Amino acid sequence: MSGYHELLKRLGVSLDTETLRLALTHRSFAYENGGIAHNERLEFLGDSVLGLAMTARLYDEFPDHTEGQLAKLRAAVVSSKALARVARDIGLGDYVRLGEGELKTNGRDKTSILADTMEAVFGAVYLDCGLETARDLVLRLVGPLVHDKDAIGAGMDWKTIVQEHAAAHGLGVIEYVVEGEGPDHARTFTAVLRIGGVEYGSGQGRSKKDAERQAAEKTWEQLDPQRTV
């Protein structure tokens, strides 16, 4: 338990050593150590605890939001990027048990691994401490992101939001015009979003996907300055 003392202190909960160890065991470690149990079942459980806690929080906090608006907000605050941010804040990556391959590719800071492990921890707390304690942990760690513009923005599917808005209001066909420059190892992409032939937002990124996402977010700012999604 001593090795996990600091992590448990940051979490503010008491957990059985074996349950916590399981929550921190990535499948890469399990496969390299004789196929021992890993954390994916706990991740599945924790995902439900997370969803329930944040759905209730959003329902209470935003009484004027529609079902669609609430769903988009929930998707943002429980996204992999949002959960990985929480995991980094508490130093969770230092405790994840990874196989050699993942360790060599900086697995301790991979968004997907951190987010999945965070969910597994929520699942472990639910098993050992019950729903109320697990819910309180989720609200303490993830709840503040509800009012964090950067966190919500990072988790939003802006391309889908713009597409749905354009279709609902008959704005016309959506087109992303993407150009890349620079050498292959350091290429930068610029995207401009057109709707019905009219140029809206533009964005840049190290990939076409990132550039298009940023262009969609900038477009949404123009279509709906209130950004009430």
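**Cores and a helix crossing in a mostly helical layout**

The chain has 12 helices and three strands, and the model is a predicted one. Taken along the principal axes, the C-alpha atoms fill a box of roughly 60 × 50 × 25 Å. Of the 229 residues in the chain, 42% are buried. As for how far along the sequence contacts reach, 54% of those between residues at least 6 apart join residues at least 24 apart.

Now to the inside. The largest nonpolar core holds 42 residues, and the members touching the most other members are Leu11, Met118, Phe122, Leu141 and Val142. The top contributor is α8, which gives eight residues.

Methionine 118 is worth a look on its own. Leaving aside residues up to four places away in sequence, Met118 touches Leu11, Leu83, Val86, Ala87, Ile90, Leu92 and Leu141. Two of these partners, Leu11 and Leu141, are themselves listed with Met118 among the core members that touch the most others. Apart from this core lies another one, of 12 residues, including Trp158, Phe189, Ala211 and Ala216.

Next comes a helix pair. Two packed helices are described by the angle between their axes and the distance between the axes. For α4 and α9, the angle is about 65 degrees and the axes are 9 Å apart. Angles of 65 to 115 degrees count as roughly perpendicular, so α4 and α9 are roughly perpendicular to each other. Their crossing is right-handed. On the α4 side the contact is made by Val49, Leu50, Leu52, Ala53, Met54 and Arg57, while α9 brings Leu131, Ala134, Arg135, Val138 and Leu139. Sorted by class, that contact of α4 with α9 comes out as nine nonpolar residues, two charged ones and no polar ones. The charged residues are the arginines, Arg57 of α4 and Arg135 of α9.

How values were computed. Residues are numbered from 1 along each chain as its sequence is written. This is a predicted model: local features need pLDDT of at least 70, side-chain atom pairs count only at pLDDT 80 or more; totals for chains, interfaces and linings use all residues. Side-chain values use heavy atoms; hydrogens and water are left out. A nonpolar core is a set of buried Ala, Val, Leu, Ile, Met, Phe, Trp, Tyr and Cys residues joined through side-chain atoms within 4.5 Å. Buried means under 20% relative accessible area, exposed over 50%, partly exposed in between (1.4 Å probe, protein chains only). Helices (H or I, at least four residues) and strands (E, at least two) are DSSP runs, numbered from the N terminus. Contact means heavy atoms within 4.5 Å. Axes are lines fitted to C-alpha atoms, for helices over the stretch in contact, and angles run from 0 to 180 degrees between N-to-C directions. Angles under 35 degrees count as roughly parallel, over 145 as roughly antiparallel, 65 to 115 as roughly perpendicular and the rest as oblique. A crossing is left-handed if the near helix is turned anticlockwise from the far one by less than a right angle, and right-handed if clockwise.
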